[in-house]
Amino acid sequence: MSKEFVESIIENKKNSLNESIEILHSFCPYRVCPLGAHVDHQLGLVTGFALDIGTTFDFFSTDDGEIEVYSENFDGDAFGNINDEFERQYTWVDYLFGAIKTLKKTYSITKGIKGILKGDILGGGLSSSASVILTYLKAFANVNGIKLTSPELINLAIDEERNYIGVNVGKLDQSCEVYCKKNHLLYLDTKTDSTKLIPIPENMPDFEIAVIFSGVERKLAGSAYNTRVDECKAASYALKDFAHLEYGKFADSYLRDVPLGIYQQYKKQLPHTWAKRAEHFYGENERVKKGIRAFQNGNLTEFGKIIFESGRSSIEKYETGSNELKALHEILEKTEGVYGGRFSGAGFNGCAMAIINPEFRDSIKETVRSEYLSKFPDLSNKFSIVFCKTADGVGL
Ligand code: GLA
């Protein structure tokens, strides 16, 4: 087959023998995390909105297990059969192969898929990787008659990202892209898995979410992401030792297990770098609690101010944020009509996000663009800014 042939089947809903064929359509949103950055891998508290931009997949199943997935804007098209071994390709194709391998650990997969995958703006920081993974997991589960609960879907997506792609992510991205609901803020405790969807209060002023692509693409694999996770774990281990607590296995040690009081008592004994990472963790958990109260009260100004503080802590204490993203943070802090903003996601390039007053949409676009490009003129062809609304989690 060819891309045009798969497209024509999707459009006509018929195969070459003119038999009618069931075409499925799925959409998985991207996400932003206004508060609760870099704490999910330490079982902290997080928040998130799903966006009305994301991954769209039109597909149909194949009885012989054949796979043929073309992509409009992700690099790499996927060909093969569900019985293949699937070597890593280091393109977006890995997410598809990883989904099959991950599902196969528990389930029998016999049917393949042919289809076309499309993604909205790329660049990173919006969790497009989790969005693509969830899309594929849901699609393969569906055509193979596997019913996955939301927690199962989330855990499979995390398993794939950690064990196939190789990034020790927490649960933030997958949970947002599954649980979020339009016009609600997701509040998730990644230790207990308790989730709350907080409706936008009636007294809250109207807002939109600006997504600003720095022009430099991001990849977590190979970044300092895993090193930061290890620094947090090392801090938790050391603090437990200072306080004569049971510390168990290193892999199962998290800052969330160390009470704030113990951290305060022993922080001076920690190596300087580890103390900074821990400072971010405890500060961010408090900011999430404060931010949730502000959001529930409809106080967007306070909510936004806390988002800016979270961004500062990510830059100063957690020490992430490329030069481009740090510049964007500074610009957003002084742009009229921006309630709050920070880099979206881990901060290894990619996008920043901001909660904005829609009345200032045009001037924000103009100011951020011109101030940013005066510092990074070479990025003028890649830089972009779009305004999004909140959306529901993944759907088929
Ligand atoms: C990436 C990871 C998430 C989370 C964020 C930072 O998006 O995939 O698990 O750690 O970074 O908050």
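I started with His38: one of its backbone N or O atoms sits 2.7 Å from an oxygen atom of the ligand. I counted that as a polar contact, meaning a pair of N or O atoms within 3.5 Å. This is a predicted model, where local features need pLDDT of at least 70 and side-chain atom pairs pLDDT 80 or more, while totals for chains, interfaces and linings use all residues. Residues are numbered from 1 along each chain as its sequence is written, and side-chain values use heavy atoms, with hydrogens and water left out.

Next I checked two side chains. A polar atom of Asp173 lies 2.5 Å from a ligand oxygen, and one from Arg31 lies 3.0 Å from a ligand oxygen. I also looked up cover: the protein hides 98% of the 310 Å² of accessible area the ligand has on its own (Shrake-Rupley method, 1.4 Å probe).

**The shell.** I found 12 residues around the ligand, with Tyr225 and Asp40 among the closest; to be near, a residue needs a heavy atom within 4 Å. Six are nonpolar, three polar and three charged. Why does the ligand lie between domain 1 and domain 2? Domain 1 (3-196) and domain 2 (200-388) both give residues to the shell, so the ligand lies between them. The bounds come from an automatic or database domain assignment.

**Lining of the largest cavity.** I noted Val69, Trp92 and Tyr136 among the lining residues. By class, I got eight nonpolar, two polar and one charged. Here Gly counts as polar, while Tyr and Trp count as nonpolar.

Terms used
A polar contact is a pair of N or O atoms within 3.5 Å; within protein, one must be able to donate a hydrogen and the other to accept it, and residues adjacent in sequence count only if both atoms are side-chain atoms. On a 1 Å grid over the protein atoms alone, a cavity is a set of points where a 1.4 Å probe fits but cannot get out, and a pocket is an open set with protein on both sides within 12 Å along at least five of seven lines; lining residues have an atom within 4 Å of a point.
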